[in-house]
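This report describes the architecture of one protein chain. The sequence and the coordinates are shown first, and the description follows.

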Amino acid sequence: MKPIWIVDDDESIRWVLEKALARENLATKSFANARDAIAALEFDTPQVLVSDIRMPGASGLELLQTVKSRFPGLPVIIITAFSDLDSAVAAFQGGAFEYLAKPFDIDKAVELIRRALEESLRETSVESGPSETPEILGQAPAMQEVFRAIGRLSQSNVTVLITGESGSGKELVARALHKHSPRAAQPFIALNTAAIPKDLLESELFGHERGAFTGAQTTRRGRFEQAENGTLFLDEIGDMPFGLQARLLRVLQERMVTPLGSSKSITVNVELICATNHNLRERMAKGLFREDLYYRLNGLVVKLPPLRERTDLDTVVKKILATEAPDTRYTVAPDILRMFHQHKWPGNFRQLTNLLRTAIVMAGDEHEICLRHMPDDFLDDIEMTQATAASASTDRMIAAGANLEEMEQSAILKSLDAHGGNVSATARALGVSRNTIYRKVPHLK
């Protein structure tokens, strides 16, 4: 994915947006004026452009005009301290994706940029047609079951529900289902229903006519229409607003959509794949998910295992390294692999991939990824996990009548295992000397 360009003569605005987007793992590129951004367009393009409207030299509206003439599908967000009607009208007439007045709430700004990013990626997927689907990693028995399910379901024309924790690869499974289906040559449209404000989600799904609501300057096709003859993937379906679930159910039953502001229904031919990280039965019991929609979606289910339950973690690590750094052969030190096996991986595959990307950058020309290349937050999580495990082990030993010497030995051996058998590293971690460790655990000599 290409970076998000930020164009603003105010350095503080650029800095705030860069930091906020970095926290979302989104790459950025910044410019202090519109002319530099226009010049850069000769060699590269962003995924989304965020630009101030009033800057020395060329204005944001001139930049908008240039972008729209060359790249009409590129979303542009106009920001300005002059929140007057004329500026807003000029921005929308020029084809801006959205208008944002300073001072703005940074969380809302990030949310808006994410919506623009979704739009940009959607346009890319529609224009590029079928593309190479990223490989689904896994040799564990649970993943083999997933592969078999893909093989069985890919030739069917029924709604599929993919369940699994966040970051476990649900969209990869959806893309694999599409790739191996008779619809492979048609569009694959993905939409994260949790990432779009509920007031806009209905328009995103079903489209709208010009003037259907404030800001609807043009007629827009919804995702169902965009995915015609192809596949529509609705991620985080469990977060869909309750009222909108009824409209989705009706589309599934009638295969017709009605855009906002229109009196005409449109027939659609779309294979629907949904995904969720929620327990839909629990959501249903709480009145957050419709029972009729649940039973409509719950017929064919693909369940993805969390990373902590997979037995092929070493293989997954090797494949991620080969993908992220194809020109350099990186390996992971044994003590780090042990840490990986101990970790709970709340972010699953996405978390592991981001961690290894960071480690590759930190390792540089060193081909073995080791402790000093690991981010501090990961090491903090490992220490917390080890401390919790050690506390539980101590409780069990006390209950079994173990004496103090035996508990000290157990703690030292656990620390040694965590440090790959390195006595010096273990001594530093425990705050004792090497001789103390050898005295406490005589068989190490």
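Helices (H or I, at least four residues) and strands (E, at least two) are DSSP runs, numbered from the N terminus. The model is a predicted one, in which local features need pLDDT of at least 70 and side-chain atom pairs count only at pLDDT 80 or more, while totals for chains, interfaces and linings use all residues. Residues are numbered from 1 along each chain as its sequence is written, and side-chain values use heavy atoms, with hydrogens and water left out.

**Overall features**

The protein chain contains 19 helices and 16 strands. Of its 445 residues, 45% are buried; buried means under 20% relative accessible area, exposed over 50%, and partly exposed in between, with a 1.4 Å probe and protein chains only. The accessible surface of the protein chain is about 22,600 Å², and carbon and sulfur atoms contribute 50% of it. Such areas come from the Shrake-Rupley method with a 1.4 Å probe, and for residues only the protein chains shown count as cover. Among contacts in the protein chain with a separation of 6 or more, 69% join residues 24 or more positions apart. A contact means heavy atoms within 4.5 Å.

**The sheet containing β1**

Five strands make up an open sheet with parallel pairing, in the order β2-β1-β3-β4-β5. Its edge strands are β2 (28-31) and β5 (98-101), each of which pairs on one side only. Neighbouring strands of this sheet are turned by 20 degrees against each other on average, direction ignored. Two strands pair if DSSP finds at least two bridges between them. Between β1 (residues 4-7) and β2 there are four bridges, in the parallel sense, and I6 stands opposite S30 in β2.

**The sheet containing β10**

Another open sheet of five strands, with parallel pairing, has the order β7-β10-β13-β6-β14. Here the edge strands are β7 and β14 (300-303), each pairing on one side only. The twist averages 20 degrees from one strand to the next.

Strand β10 (residues 231-235) is mostly covered, since five of its five residues are buried. In a regular strand the side chains alternate between the two faces of the sheet. In β10, T231, F233 and D235 point one way, whereas L232 and L234 point the other way, and all are buried.

Helix α7 (residues 170-179) lies across β6 (160-163), β7, β10, β13 and β14, and runs at about 150 degrees to β6. Axes are lines fitted to C-alpha atoms, for helices over the stretch in contact, and angles run from 0 to 180 degrees between N-to-C directions.

**Packing of α13 and α14**

Two packed helices are described by the angle between their axes and the distance between the axes. For helix α13 (residues 313-324) and helix α14 (residues 334-342), the angle is about 115 degrees and the axes are 10 Å apart. The contact brings L313, D314 and V317 in α13 against L337, F340 and H341 in α14. By class, this contact of α13 with α14 has four nonpolar, one polar and one charged residues. In this classification Ala, Val, Leu, Ile, Met, Phe, Trp, Tyr, Cys and Pro count as nonpolar, Asp, Glu, Lys and Arg as charged, and the others, Gly among them, as polar.

**Two partly exposed residues**

R338 lies in helix α14. Why does R338 count as partly exposed? R338 does so because its relative accessible area is 28%. Residues up to four places away in sequence aside, R338 touches D417, H419 and G420. R338 and G420 are 82 residues apart along the chain, and their C-alpha atoms are separated by 8.2 Å.

P442 lies in the segment after α19 (434-440). P442 counts as partly exposed because its relative accessibility is 48%. P442 and Q409 are 33 residues apart in sequence, and their C-alpha atoms are 9.6 Å apart in space.
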